[in-house]
Amino acid sequence: MQSDGTRIDRWGYPVRTTSDASISAINSYYEQVLNYGRQRSVILQAPLGDDKCVLANTLAGYFLSFSDRSLASTHLSAAQSRLEYATEYERAVFYAVSSLVKEDRDENVALDMHFKLLKGFPRDLASLKRAQILCFYTGRPEHSLSLVEMVLPQNQVESYVYGMLSFPLLELDRMEEAEKAAKRGLEINKEDIWSQHNLCHVFQNDGRFKEAVEFMEACSWSWSSCSSFMYTHNWWHVAVCYLEGHSPLEKVLEIYDHHIWKELQRSDAEPGEVYLNALGLLLRAYLRGKMTCIEDRLKTLVNCLTDKSVWHMEWQLDVLALWALANTGEVNKAEELLKSLKSRFYDMSKEKQEKMQRGLSLAEAMYEYGRGNCSQVYELLGPNFDAKNCKIIGASDEQLEVFDEVWLKVLLSTRRASEAIQEIKKSIKKREHVPFLWHLLWRENSPSCPSITCYMLGRYNEYKFNPSEQNQRSTQ
């Protein structure tokens with residue numbers, strides 16, 4: 001304890017408390033947040049150690065704001081009542097968190113408050129993570145990068161900062177820099193889950209599917225303590241690499257069964273996070289003509305999606321659920337979800353509606369796609385649709401790619417082959433390593449141009465990744 005009645009937290013900042021237990025719980029919470037742990041509830045122990053500690057109540061209130069807003073408000077009110085006794089650092093965290101958890105929050109204000117906090121206290125990587133999550137869900141990778149660059153000089157030996165540097169870089173298509181940052185984080189701490197995840201993103205973007213799978217499977221032993229989202233999302237990446245690399249679907253479904261859906265058997269599982277990754281994978285398989293193989297799994301998942309308690313947890317989850325519900329005959333539930341989503345949209349401010357309009361259009365389009373109304377999907381999305389413009393739904397580029405694939409299928413289904421070919425060529429120019437795109441282009445060109453057919457099929461086969469084939473080659 002310091003002479004002025006404070007303790008020092010992990011970042012070296014003073015916290016007004018005399019409780020070792022409170023500081024220990026706060027520091028444990030920091031670790032859980034930064035490494036996507038499933039024990040973030042440890043922060044609830046901090047106010048038990050000292051119910052007058054402003055930082056303890058502030059962080060507990062933030063944690064509870066996602067599940068129990070009434071109890072969250074109680075903790076934040078307790079923190080506010082003691083602000084005059086708090087340290088400057090604690091007050092800065094309180095004001096930043098308070099601006100973020102308001103039901104009618106102004107996201108620009110919340111972001112500005114976090115910039116101010118981190119400018120004064122740049123070692124607080126937990127607040128950096130909180131600010132970057134805000135940037136992610138509001139589609140602002142450039143602000144996310146500015147935040148981490150601002151604090152990087154004071155955190156050179158912290159592994160977590162490099163994962164937080166890597167992600168906005170890859171979201172801004174600066175892949176070489178993103179790879180370098182992720183590898184730097186792993187040099188310091190090979191168990192840094194976020195750096196592992198980001199390096200997989202880079203490999204996947206570059207079409208290095210075999211390298212991505214081998215790297216992630218070698219890291220997978222370290223994921224058992226991850227949150228439901230991070231655990232299933234990392235395995236989602238592995239499964240997508242197998243799928244994009246044209247491996248047998250059995251391998252993809254094995255990952256789905258044993259590493260995504262099985263997560264729900266854990267007593268502390270977060271179902272909505274599991275459903276998000278499960279839906280994203282099944283939609284990709286569906287687009288590749290594998291409905292008969294995934295039909296039972298999709299119906300099982302849809303039975304869970306009829307539970308309204310998982311609606312509106314995340315915009316991306318709602319968008320995917322609309323497709324799944326409509327596609328499997330739960331049209332009434334899909335209509336109800338869409339109506340509820342629109343109601344939430346119209347309750348937003350005009351400024352927020354302008355930002356979310358693309359998200360709402362995508363939601364309507366996926367509902368219509370699930371019903372098989374491809375012409376209506378085309379009308380909703382318009383001829384210049386690009387999924388990257390839909391970051392506002394809270395999705396990474398890899399997660400958004402599936403909607404570009406839907407768009408290509410819509411173009412083909414509505415007999416707009418020439419438009420589809422142009423879109424596929426544009427996509428291949430950005431990422432020539434995706435066999436699915438080469439397959440679509442080959443299929444559309446094959447009747448009219450045999451020479452293009454041979455070239456396309458050659459490129460398609462070039463980027464296949466079949467583990468069994470690789471193993472056979474390695475033993476020859």
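## Overall make-up

The chain holds 25 helices and two strands. Helices (H or I, at least four residues) and strands (E, at least two) are DSSP runs, numbered from the N terminus. This is a predicted model, where local features need pLDDT of at least 70, side-chain atom pairs count only at pLDDT 80 or more, and totals for chains, interfaces and linings use all residues. Residues are numbered from 1 along each chain as its sequence is written, and side-chain values use heavy atoms, with hydrogens and water left out.

The chain has 476 residues, and 56% of them count as buried. Buried means under 20% relative accessible area, exposed means over 50%, and partly exposed is in between (1.4 Å probe, protein chains only). Now take the contacts in the chain with a separation of 6 or more: residues 24 or more positions apart account for 62% of them. Contact means heavy atoms within 4.5 Å.

## Aromatic pairs

How many aromatic pairs does a search of the whole structure find? The count is 19. Y62 and F66 form an edge-to-face pair, because their ring centres are 5.3 Å apart and their planes stand at 85 degrees. The rings that can pair are those of Phe, Tyr and Trp (its six-membered ring), with centres within 6.5 Å; planes under 30 degrees apart count as stacked, over 60 as edge-to-face and the rest as tilted. Y62 has a relative accessible area of 10%, so this residue is buried. F66 has 64% relative accessibility, so F66 counts as exposed.

F345 and Y346 also pair edge-to-face, at 5.2 Å centre to centre and 75 degrees between the planes. Y346 is exposed, because its relative accessible area is 55%.

## Charges over rings

The charged end of R130 sits over the ring of Y62, 5.6 Å from the ring centre. The test asks for NZ of Lys or CZ of Arg within 6 Å of the ring centre and within 35 degrees of the ring normal.

## A ring cluster and a buried serine

Ring pairs link Y36, F136, Y137, F167 and W194 into a cluster. Y36 lies in the loop between α1 (20–34) and α2 (45–49). Its relative accessible area is 15%, so Y36 is buried. Its phi is near 50 degrees, a positive value in a residue other than glycine.

S396 sits in the loop between α20 (374–381) and α21 (397–413). With a relative accessible area of 3%, S396 is buried.

## Helix packing

Helix α6 (residues 107–120) packs on helix α8 (residues 141–151) at an angle of about 15 degrees, with the axes 10 Å apart. Axes are lines fitted to C-alpha atoms, for helices over the stretch in contact, and angles run from 0 to 180 degrees between N-to-C directions. Therefore α6 and α8 are roughly parallel to each other. Angles under 35 degrees count as roughly parallel, over 145 as roughly antiparallel, 65 to 115 as roughly perpendicular and the rest as oblique. Residues of α6 that meet α8 include L111 and F115. Their side of the contact faces residues of α8, among them L147 and M150.

The axes of α16 and α17 come within 10 Å and cross at roughly 110 degrees. The two helices are therefore roughly perpendicular to each other. M291, L298, V302 and L305 in α16 meet A321, W323, A324, L325 and N327 in α17.

## Two loop residues

H312 is found in the loop between α16 (291–305) and α17 (315–327). H312 has a positive phi of about 65 degrees, although it is not a glycine.

D106 lies in the loop between α5 (88–101) and α6. Its relative accessible area is 38%, so D106 is partly exposed. Which distances separate D106 from K352 in sequence and in space? The two are 246 residues apart in sequence and 9.3 Å apart in space, C-alpha to C-alpha.
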